[in-house]
Amino acid sequence: MNCKEALPLIHEYLDGDLEGSDSQRLKEHLISCQACHALFRQLEKTDAMVRMLPPVRVSDTLTAQIMSGLPPVKKRNSWMDFIRKHPAVSVAVVFATVMFGSFMSMWNDDTSLMVKGSNLQDVVIEGDTVTVPQGHTVKGDLVVQRGKLKVEGEVTGNLTVIDGSLNLASTAHISGHVTQVNEALSWVWYKIGEFVGMFSH
């Protein structure tokens, strides 16, 4: 062992951390090397003097003084933490927002008449007026958007009027539900229900 290797081992020995073969090797080196032996004795005396010093009493306000000197902790954004922890929910919210925006845009932009149903041969369309004549039957659902619907005959399914008017004659017979959607928000819910219905079939 040379002197360069001995120095860190001396510190470990004085700290009580040196064991086994390293301790034996250090002892052998200190016996053979006068310079390291003298340094060891000097460090041993210094260590003993430090241990004899009375314990330093710390002020009760020291912790508060140190803490007040530290820079303020930046507030963490709880929304960002939530997004990092729940990415699937975040994607769903973004998707719903985009869908909501597109539905609102469609509500404002679309001004043309739309008639939808599986059986429309018994429906009469004149301008923006859709009529189910008396004595005629529309089998299944009937949806009319941006128009006036007059029902004098029969509809065996659900009847939906979106952003339009509905006139039911005394001879009219509707087997399903009658729904009128005249507000953008109600229409968005209708479209979401329609969208979900596409996947459930």
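This is a chat about the predicted model shown above.

User: Before we start, what do local features need in this model?
Analyst: It's a predicted model, where local features need pLDDT of at least 70, side-chain atom pairs count only at pLDDT 80 or more, and totals for chains, interfaces and linings use all residues. Residues are numbered from 1 along each chain as its sequence is written, and side-chain values use heavy atoms, with hydrogens and water left out.

User: OK, how many helices and strands does the chain have?
Analyst: Seven helices and 11 strands. Those are DSSP runs numbered from the N terminus, with helices being H or I of at least four residues and strands E of at least two.

User: And what share of the residues is buried?
Analyst: Buried residues are 23% of the 201 in the chain. Buried means under 20% relative accessible area, exposed means over 50%, and partly exposed is in between (1.4 Å probe, protein chains only).

User: Which residues form the nonpolar patch on the surface?
Analyst: V58, L62, I66, M67 and L70, with about 460 Å² of accessible area together. Patch residues have over 30% relative accessible area and no salt bridge; like charges are joined within 9 Å and nonpolar side chains (Val, Leu, Ile, Met, Phe, Trp, Tyr) within 5 Å. A salt bridge, for the record, is a side-chain nitrogen of Lys or Arg within 4 Å of a carboxyl oxygen of Asp or Glu.

User: Where's M67, and is it buried or exposed?
Analyst: M67 sits in helix α4, residues 62–69. M67 counts as exposed because its relative accessibility is 54%.

User: Switching topic: how many aromatic pairs are there?
Analyst: The count comes to one aromatic pair. Y13 and F40 form that pair, and it's tilted, at 5.6 Å centre to centre with 55° between the planes. The rule is that rings of Phe, Tyr and Trp (its six-membered ring) pair if their centres lie within 6.5 Å; planes under 30 degrees apart are stacked, over 60 edge-to-face, and the rest tilted.

User: Which helices hold Y13 and F40?
Analyst: Y13 is in helix α1 (residues 3–15) and F40 in helix α3 (residues 34–52), so the pair links distant parts of the chain, 27 residues apart. Y13 is partly exposed at 34% relative accessible area, while F40 is buried at 6%.

User: What does L14 touch?
Analyst: Leaving aside neighbours within four places in sequence, L14 is in contact (heavy atoms within 4.5 Å) with F40, L43, E44, D47 and R51. L14 is in helix α1 too, and it's buried, with a relative accessible area of 15%. L14 and D47 are 33 residues apart in sequence but 7.7 Å apart in space, C-alpha to C-alpha.

User: Now the open sheet: what's the strand order?
Analyst: β4-β7-β10, three strands with parallel pairing. β4 (137–138) and β10 (173–174) are the edge strands, each pairing on one side only. Two strands pair if DSSP finds at least two bridges between them; β7 (residues 154–155) and β10 have two. E154 stands opposite H173 in β10.

User: Last one: what's the phi of R146?
Analyst: Near 60°, a positive value in a residue other than glycine. R146 is in the loop between β5 (142–145) and β6 (148–151), and counts as buried at 11% relative accessibility.

Key:
Areas by Shrake-Rupley, 256 points an atom, 1.4 Å probe, with all protein chains shown as cover.
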